[in-house]
Amino acid sequence: INLPEALTKLREKTVGKNGMYLNRCFGDLASAMKHADDTGFYCYRAIESLRHHCAAVNSLTKESKERQWEKFREVAGCDEQILREIKATADPLRHGQVVGSSSADRERLFTITWNTVDSYLAGV
């Protein structure tokens, strides 16, 4: 990968009205790495930000969440089950529960989340 070229392309996507969704995604991914107890929450919120980005750039903001998620999965080329797996790790945390996870669990969560983010960014 040509890093300067890749960063230039990425930077172009993060500016403008819809860039805020990508910036929030990246901020949440950084928080997921920093806050082990809340990794699932931040990983899922990063993906949700991408869903909002996808809806905005495809003029689907007034459509149902189901339609927005469908379009997101299409652009990202990801399976619904992967998104459900990420969401399942976030739900208890979103409701104030304390959930411990192993290093292997966090590694899997990071891997599937980053793969989803990478796939989405390659598609937009």
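A helix axis here is a line fitted to C-alpha atoms over the stretch in contact, and the angle between two axes, taken between their N-to-C directions, runs from 0 to 180 degrees. Keep that in mind while you click around this predicted model.

**Stop 1: helix α3**

Select residues 39-57, which form helix α3. This helix has 19 residues, and its end C-alpha atoms lie 27 Å apart, close to the 27 Å expected at 1.5 Å a residue. Leave α3 coloured, as several of the next stops are about its partners.

**Stop 2: α3 beside α6**

How far apart are the axes of α3 and α6, and at what angle do they pack? The axes are 10 Å apart and the angle is about 10°. Angles under 35 degrees count as roughly parallel, so α3 is roughly parallel to α6. To see the contact, show side chains on the α3 side for Thr39, Gly40, Cys43, Ile47, Leu50, His53, Cys54 and Val57. Across from them, α6 brings Arg106, Leu109, Phe110, Thr113, Thr116, Val117 and Tyr120.

**Stop 3: α2 on α3**

The axes of α2 and α3 come within 8 Å and cross at roughly 170°. That makes the two helices, α2 and α3, roughly antiparallel. Among the α2 residues in this contact are Tyr21, Leu22, Cys25 and Leu29; α3 answers with residues including Tyr42, Cys43, Ala46, Leu50 and His53.

Which residues of α2 are buried? Select Gly19, Leu22, Cys25, Asp28, Leu29, Ser31 and Ala32 to see them. The cover over these buried residues includes α1 (residues 3-13), α3 and α6.

**Stop 4: α5 across α3**

The axes of α3 and α5 come within 7 Å, crossing at roughly 125°. These helices, α3 and α5, are therefore oblique to each other, and their crossing is left-handed. On α3, highlight Gly40, Phe41, Cys43, Tyr44 and Ile47. They meet Leu83, Ile86, Lys87, Thr89, Ala90, Leu93 and Arg94 of α5.

While you are on α5, click Ile82. At 23% relative accessibility, Ile82 counts as partly exposed. Setting aside neighbours within four places in sequence, its contacts are Arg108, Ile112 and Thr116.

**Stop 5: the nonpolar core**

In soluble globular proteins, nonpolar side chains tend to be buried together. Here, the largest nonpolar core has 25 residues. Select Ile47, Leu50, Phe72, Ile86, Val117 and Tyr120, the ones with the most contacts inside this core. Which helix gives the largest share? That is α3, with seven residues.

Zoom in on Val117. Not counting residues up to four places away in sequence, Val117 touches Cys25, Phe26, Leu29, Ile47 and Leu50.

**Stop 6: a lysine in α4**

Go to Lys71 in helix α4. Is this lysine, Lys71, buried or exposed? Lys71 is buried, because its relative accessible area is 16% and the cut-off for buried is under 20%. Beyond residues up to four places away in sequence, Lys71 touches Cys54, Asn58 and Leu60.

**Stop 7: two loop residues**

Select Ser59, in the loop between α3 and α4. Most residues other than glycine have a negative phi. Ser59 is not a glycine, yet its phi is positive, about 55°. With a relative accessible area of 66%, Ser59 is exposed.

Finish at Val98, in the loop between α5 and α6. This valine, Val98, counts as exposed, at 80% relative accessibility. Then jump to Ser119: it is 21 residues from Val98 in sequence, and the two are 30 Å apart in space, C-alpha to C-alpha.

Conventions:
Residues are numbered from 1 along each chain as its sequence is written. This is a predicted model: local features need pLDDT of at least 70, side-chain atom pairs count only at pLDDT 80 or more; totals for chains, interfaces and linings use all residues. Side-chain values use heavy atoms; hydrogens and water are left out. Helices (H or I, at least four residues) and strands (E, at least two) are DSSP runs, numbered from the N terminus. The expected span of a helix is 1.5 Å times one less than its number of residues. A nonpolar core is a set of buried Ala, Val, Leu, Ile, Met, Phe, Trp, Tyr and Cys residues joined through side-chain atoms within 4.5 Å. Buried means under 20% relative accessible area, exposed over 50%, partly exposed in between (1.4 Å probe, protein chains only). Contact means heavy atoms within 4.5 Å. Angles under 35 degrees count as roughly parallel, over 145 as roughly antiparallel, 65 to 115 as roughly perpendicular and the rest as oblique. A crossing is left-handed if the near helix is turned anticlockwise from the far one by less than a right angle, and right-handed if clockwise.
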